[in-house]
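Please take me through this structure stop by stop, saying what to select in the viewer and what is found there.

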Amino acid sequence: MLGLVVRRLLVAVVIAFLVATLSFVLVHAAPGEPFAALREDARMTQEMAQRLREQYGLDRPLGVQYVRYIASLARGDLGESFLQRRPVRSVLADALPNSLLLMATALVVAFALGVALGALQASRHGSRFDRTLGGVSLTLASVPEYLLAIGLLLAFAYLLPIFPTAGMSDPVMWRFMSPMQRLTDLARHLVLPATTLVLIIASVVARYQRAALLDVLPDDFIRTAKAKGLSRGRVLLHALRNALLPTITLIGLLFPALFGGAVFVENVFSWPGMGRTIVDALGARDYPLIIGSMVVGSIFVVVGGLVADLAVMSADPRTRAA
Amino acid sequence: MHRPTPLSYDVAGAPLDAPAPEVWRATPFRALWQDGAARAALCLLVALLLVAVFAPWLAPYDPIAQPDIIGLKYLPPSAAHPFGTDAYSRDVLSRMMYGARVSLSIAILAMLLSTFIGTAYGLVAVLGGRFTDAVLMRGVDTFLAIPRILLLLGVVAIWGDLTVKPLIVVIGLSGWFAAARLVRTLVLGLRERDFVIAARGLGAHTSSIAVRHVLPHLASPILVAATFGVGAALVIEAGLSFLGYGVDEPQASWGSILRDGQGNFVSAWWLSVVPGAALVITVLAVNVIADRLRDIASGRHLPRG
Amino acid sequence: MTAPSPIAPQDTLIDVQNLHVAFSTPAGLARAVDGVSFTIAQGETVGMVGESGCGKTVTGLSLLRLIEPPGRIDPSSRILFEGRDLLRLSEREIRRVRGRRIAMVFQEPMTALNPVFTVGEQIAEVVRVHEGASRRSAWQRAVEMLERVGLPSPADRAKQYPHQLSGGMRQRVLIGMALVMRPALLIADEPTTALDVTVQAQILELLRELQRDFAMAVLLITHDLGVIAETATRVLVMYGGEIVEEASVDELFANAHHPYTQGLLAAMPRVDDTRDRLTTIPGTVPPPTAWPSGCRFRDRCPHAWDRTAREHPDLFVVSGAHRSRCFLVQEPERRRVVVAEQAE
């Protein structure tokens, strides 16, 4: 198993490297000279231009530029953000935890909800309940995140003002709050953005879990479990323990979609995370920040997939020993 | 959606001897037509395509005309403007009709591009041998690791604003990785099947095996994936427009109309509701068809009764 | 409708009366088991033999009420066991019977065990569910049972997962799981079919030994008359969802009456075989959705005459406890001398 972990980690490093290369290619394949648009940018100081030229070594041959660029990335130097006038690394260090909080909350709730609903559907598949829930989940899976986000915002922040409309905390009251109040305030701000992601991911997980269970239920060992005299619930547990493995794998594959969803949700709810940062950076043509976000976001996705794969491997006795 | 429980262990062979019900022998389209939800979805999509094709004749107004940007802006739905007007006094119904041309053609053409590239790439990866496969699939893993919207935003932001044609290419190029993976996995399974081994034994050329023996078996899973791909492309195009990186003004797509309504969705609600509803209904229709096609292809489809 | 049982009632452990099981399929109603009646006495081993598709596995599953939709046991059927009709028990009550009073061993030891639980857990679970035993004592019982079924170093093996055991060991685990509650009846459905020949013999020996020690009744379902000859005392031959012949093992092998049984016997390989090829019965079993109206074997029978197309034969008494579902009991002169067809 250790060998597998090492191999997967190596693959992750290779992928991060390839993403960095891709960013480099994108910048250099763009029409005109890289950063041509920045020439006239008023915020562009002489010093920053110099730094940019240094980082990308624009006066050197492409090969040298590429090596220098990768080397600086490998040192963790992502350059300076034009927009915020501080290192990209520190901008992302502020944004990433906020995104992780949102995504982790959504993922945990969505996984639990999706598995439970999928199991319920599978245990009475073909029933009215199953078909209704199947229709609901297909509908939810068809709604773009930004529309669902706007819908929830409209419903629960404007029409029924239960939850705040934007941000992570109350901008005025925050400084007067006790730690406990701050936590509650954070939770209140988290509800709508997290719910948006939960509804969409849970519907995907539920559809998948249902199918995975229906694949397992006709298996011989389920018949054995029934012949042992187990209750319906215990039999379902036998099936679920097997059918969970493909669902955990799915979670790993969902990370890119989760991240993409967060880009929209963070923008609708002004959640100060990676997605918000990226879109702001795009608007300002803040290249170092754009590329830095892409690389860091991709590394996050790769690590998420890796964690999911490791979880499956350790949950499946057939691969645990390997 | 009904899954036939295996007919137990003794009689399992028997139903196979019996004549298969009509639906199994029918073409996928016939089977699809027998499902109520899929039939409704098909009708809806056909109607939508007709509207898109005949928009110049059907639209009541010029979609980019700005007759009176003071007096006629933000008019709520009325007889004259069933879907109201926007900030520039443009008729939203007409913009929706022309927007359907843009949104649907981007989605369909991008899907065709993705499917073609993905299928070819997957076939080359498997049939090209172990080393080619490893290299090509690492490449696909890389792209799959990047959220699609991020990849697109990166390209669009760095390369500047795009018109419809480049947008089709860019969206198509960002959507073929999963298809490549799917095709590769399917072909890997098929490669060990008797008919491929037999064809190889008879001395058939690799590429002719791919085209004549392997591709026909991939048709239905690829069709399912491609159909889901149309929905995904619709969502992603509207998403790009929503973030401000879609088709250029004054051209309309559903996403750009949605963007016009953003920030104004309480007072000018129709600017969000109309394109939003159109988007959800269309994507749902596409996904219902894809979902049913998958059921049919996997043999899980049985007439309800 | 049911013929009088040849066994004295006080010895009867299970009495199956007029069992009908049907599956609704796209091709119509498949009457997989169509009026089966038999009894098993306490401690008796009964063999049930027939080709695949004859309804023997469905019969076995019916005794535990493990028929799943679209299958259904006809409500007119009765399965009397320990003074109760199993078909009229509540779901809760039948669960108390499954695994505790009647247990079942399945054909495929490779797939019949849950891959993600240790074999010890899977056996202990039976004890915990039926006795409310503690985790610890249930585990202890599981290890003892594994030892009893002849698994070497049972305490270590109990902690292993099914994929770490060989096919023969898994079948021993399944037998241990079935017998841990000391059931009165064990249904063994093709318990050796999936195993190597040498392992088959060991498993059959184990079953015989446990049957004797636990004084339990066994219903041994198989397509292999050789297995029946070695293990059972009485045989039920099934064809087309019905019992077509019933006799003691010795009587059946000496004086098989039904042409189908005779065909099965002719198809058996023997040590003293001088034939070049084994004979087979020509034709195939008709589909359960469309049983022929007369004798179900008539299309494959060398003796069939017009009456067999018109009337459906009863299970006629040949002699004593020997019965056969064939009009040749009444019209023995119709039996022709045939040279059995040779298989290719």
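**Stop 1: chain B**

Keep in mind throughout that this is a predicted model. Select chain B. Chain B holds 14 helices and zero strands. Of its 305 residues, 46% count as buried. Now look at how the chain folds back on itself. Take the contacts in chain B with a separation of 6 or more: 69% of them join residues 24 or more positions apart.

**Stop 2: where chain C touches chain A**

Show chains A and C together. Their contact takes 18 residues from chain A and 24 residues from chain C. On the chain C side, colour α2 (91-97), β7 (102-105) and α3 (119-131), the elements that give two or more residues. The largest share of that side, four residues, comes from α3(C). By class, the chain C side has 13 nonpolar, five polar and six charged residues.

**Stop 3: strand β7(C)**

Zoom in on β7(C). In a regular strand the side chains alternate between the two faces of the sheet. Show the side chains here. Ile102(C) and Met104(C) lie on one side, Ala103(C) and Val105(C) on the other, and all are buried. β7(C) and β8(C) run parallel, joined by four bridges. Pick Ala103(C): its bridge partner in β8(C) is Leu186(C).

**Stop 4: the eight-stranded sheet of chain C**

Eight strands of chain C make an open, mixed sheet in the order β7-β8-β9-β3-β10-β11-β13-β12. Its edge strands are β7(C) and β12 (316-319) of chain C, each pairing on one side only. On average, neighbouring strands are turned by 20 degrees against each other, direction ignored.

Select β10 (residues 234-239) and β11 (residues 242-248) of chain C. These strands pair in the antiparallel sense over six bridges. Arg234(C) stands opposite Ser248(C) in β11(C). α10(C) lies across β3 (45-49), β10 and β11 of chain C, at about 105 degrees to β10(C).

**Stop 5: helices α6(A) and α7(A)**

Move to chain A. Select α6 (residues 145-159) and α7 (residues 179-216) of chain A. They pack at an angle of about 135 degrees, with axes 9 Å apart. That angle makes α6(A) oblique to α7(A). The crossing is right-handed.

Which residues of α6(A) and α7(A) meet? From α6(A), show Glu145(A), Leu148(A), Ala149(A), Leu152(A), Leu153(A), Phe156(A) and Ala157(A). From α7(A), show Leu192(A), Thr195(A), Thr196(A), Leu199(A) and Ile200(A). By class, this contact has nine nonpolar, two polar and one charged residues.

**Stop 6: helix α8(A)**

Finish at α8 (residues 220-227) of chain A. Is α8(A) enclosed or exposed? Seven of its eight residues are buried, so α8(A) is largely enclosed by the rest of the structure. The buried residues are Phe221(A), Ile222(A), Arg223(A), Thr224(A), Ala225(A), Lys226(A) and Ala227(A).

Show the cover next. It includes α7 and α9 (232-268) of chain A, together with β7 of chain C. Last, click on Gly229(A), which follows α8(A) and has a positive phi near 95 degrees.

How values were computed: Residues are numbered from 1 along each chain as its sequence is written. Chains are lettered from A and ligands numbered from 1 in the order in which they are written. This is a predicted model: local features need pLDDT of at least 70, side-chain atom pairs count only at pLDDT 80 or more; totals for chains, interfaces and linings use all residues. A residue is buried if 20 or more other C-beta atoms lie within 10 Å of its own, exposed if 12 or fewer, and partly exposed in between; C-beta atoms are placed from the backbone. Two residues are in contact if their C-beta atoms, placed from the backbone, lie within 7 Å. Ala, Val, Leu, Ile, Met, Phe, Trp, Tyr, Cys and Pro count as nonpolar, Asp, Glu, Lys and Arg as charged, and the others, Gly among them, as polar. Two strands pair if DSSP finds at least two bridges between them. Axes are lines fitted to C-alpha atoms, for helices over the stretch in contact, and angles run from 0 to 180 degrees between N-to-C directions. Angles under 35 degrees count as roughly parallel, over 145 as roughly antiparallel, 65 to 115 as roughly perpendicular and the rest as oblique. A crossing is left-handed if the near helix is turned anticlockwise from the far one by less than a right angle, and right-handed if clockwise.
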